Amino acid sequence: MDWSILPFLAAPFVASLILTGIHAYLGVHVVERGVIFVDLSLAQIAALGAILAMLLPFSDGDPHGPGVYWMSLGFTFVGAAIFSFVHGRQARVPQEAIIGIAYAVASALAIVMLSKTTSEAEHLKEMLVGNILGVTWPQALKTALLYSAVGTFHFVCRRKFLAISLDRERAAADGISVRLWDFLFYASFGFVVTSSVAIAGVLLVFCYLIVPSVAAMMYADRIGPRLAIGWTMGTVVSMLGMYLSVVLDLATGATIVCTFGLVLIVMTIARPAFVRIGGHR
Amino acid sequence: MRSIVQVLAAAVFAATAVARPFAAGPKVVTTTEDLAAIVREVGGDRVSVESLARGYQDPHWVEAKPSFILKLNTANLLVAVGRELEIGWLPALITQSRNTRIQPGAPGYLDASGNVKILEIPPGQITRAMGDVHPSGNPHYWLDPDNGRRIAQAIRDKLGELAPGDRAYFAQRYEDFDRRLAEAQKRWDAAMAPFKGAKIVTYHRSWPNFADRFGLNIIGYVEPKPGIPPSTQHTVDLIAEMKRQNVKVILVEPYFDKKTPNAIARDTGAVVLDMLPSVGGVAQASDYIKLFDYDVDLLVATLKKVSGK
């Protein structure tokens, strides 16, 4: 391995730890709620907002300008509102279906808008999707601050969020305003996902969200141990993925995604041995 | 935080110092293999050159690998196609390379499009109200051999600037390339001459310079807009137009899906051709002149067949 690459991987690696920190936590909620694809859907809705902003005169066509950012954030909140409202107790349509439909329609709308406007748009999608290898120290620092704020908010309100994720009906019966807290959950979640996709790309963010919590579910029932397992797995996979991408000279983001799959398979195969030794479950 | 940054910065400097032994000459990195091939023609063994994208990849979007950053970090010269071709992937890599020599505007950054003939530049003042415009023109300009010559001139001048001692060597290598290119051009022009005005369809807008040079008439594109996948209505319109004008050739770049072109070909009796937009797309097309040899041979053979000439 060529060690001279290390200084360049430092900021991307710190960014991957930040992603692990917040997404492995949010992933526990997302998996418990059974809304696996909500991040892809919100990311697509955010991208739609960004593309629309790019095409309007006020953004000056700057993909990293404030106009584009606020517009995509605004769209994310609209998406969050929709997802929190369609989840009525008597709703006969599964929420996952609404999430899938929102994803498909937002993607298609983006294609339609791009095909009707300036051909400059051919690069637009590429500019909106980040690459973990391109993360700089200021970006990593900014992301760390933003996510600490979101993390603190979730820590302070953890009882309400957890109560709803684990058992909606009981939370509602206990007098928690489920719609409001759902909206707060999806809004903060959308905010995180939008920022994460901009620095790491859709596929990688999806993996950081879902894989650690799924892996943790196989080994633990309680939230605390699950988080510990998820965070450990995310950290190990980030390191291993980056190492493999250097040694094999492969695209870094895609290599980390594949490493997530590989480690999940290994953990699945190893599980019976652990359960026998541990004796629990 | 600051002290961590300082330690890392020191580590970076140490790393660059170790990783940059005094090589024989300037270390050149190019974005595409076409530019690398021309640097090789002019620089000979007095420079080392590497391309980031491979010839079979779509230069609009190249997945960043860790090795790219190391290559850029130690480069003395970065040669880019420019005209926004690499806008989706190169800027972040240049920033990340922490190499002040190759930042845009620095002496070690060469935008190869400076003196070339660029097509499809919208005339006059550009405003947003005009809609479908690409302000800096079509970036696939290297597919005209005359532009290849102009790129070689720019590279000769830039290499001479970076290694003044080798200026005469680069000038002599350029003269040799210029002569061989001119000879080859006579060959290509003669081969293409019978097909002046031949009507073709292309997938992406990669070929306006090629068509302009060899007198081909591009009547439509499989893509409705650059970067937008083929739509039904557009495909139906294109098929009707191809039938009306009796167009029998569709050029497709190797990195695009051939499903739609093949469907169009079935309906119109046209031939789908795997034209190479870049050096290294197949092993045969190993340098700039061989790229045109390959494309011209392929196109002439097909045009002969469909036109019966």
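This is a predicted model: local features need pLDDT of at least 70, side-chain atom pairs count only at pLDDT 80 or more; totals for chains, interfaces and linings use all residues.
Residues are numbered from 1 along each chain as written, chains are lettered from A and ligands numbered from 1 in written order, and side-chain values use heavy atoms, without hydrogens and water.

**The pair.** I looked up the axes of helix 2 (residues 38-55) and helix 3 (residues 66-85) of chain A: they come within 7 Å and cross at roughly 140 degrees (lines fitted to C-alpha atoms over the stretch in contact, angles from 0 to 180 degrees between N-to-C directions). The crossing of helix 2 past helix 3 in chain A is right-handed (near helix turned clockwise from the far one by less than a right angle). Among the residues that meet are A:Leu42, A:Ile45 and A:Gly49 in helix 2, and A:Met71, A:Phe75 and A:Gly79 in helix 3 (contact is heavy atoms within 4.5 Å).

**Chain A overall.** I found 12 helices and zero strands (DSSP runs, H or I of at least four residues and E of at least two, numbered from the N terminus). Of its 281 residues, 51% count as buried (under 20% relative accessible area; exposed is over 50%, partly exposed in between; 1.4 Å probe, protein chains only). Of the contacts in chain A between residues at least 6 apart in sequence, 77% join residues at least 24 apart.

**Helix 9 of chain A.** Its 23 residues (178-200) reach 31 Å from first C-alpha to last, close to the expected 33 Å (1.5 Å times one less than the number of residues). I see 18 of the 23 buried. Next comes A:Gly201, with a positive phi near 90 degrees.

**Chain B.** B:Ser136 sits in the loop between strand 4 (109-111) and helix 5 (145-162). B:Ser136 is buried because its relative accessible area is 17%. Leaving out residues up to four places away, I list B:Arg83, B:Glu84, B:Ile118 and B:Ile121 as touching B:Ser136. B:Lys186 is in helix 6 (residues 167-192) of chain B, and at 62% relative accessibility B:Lys186 counts as exposed.
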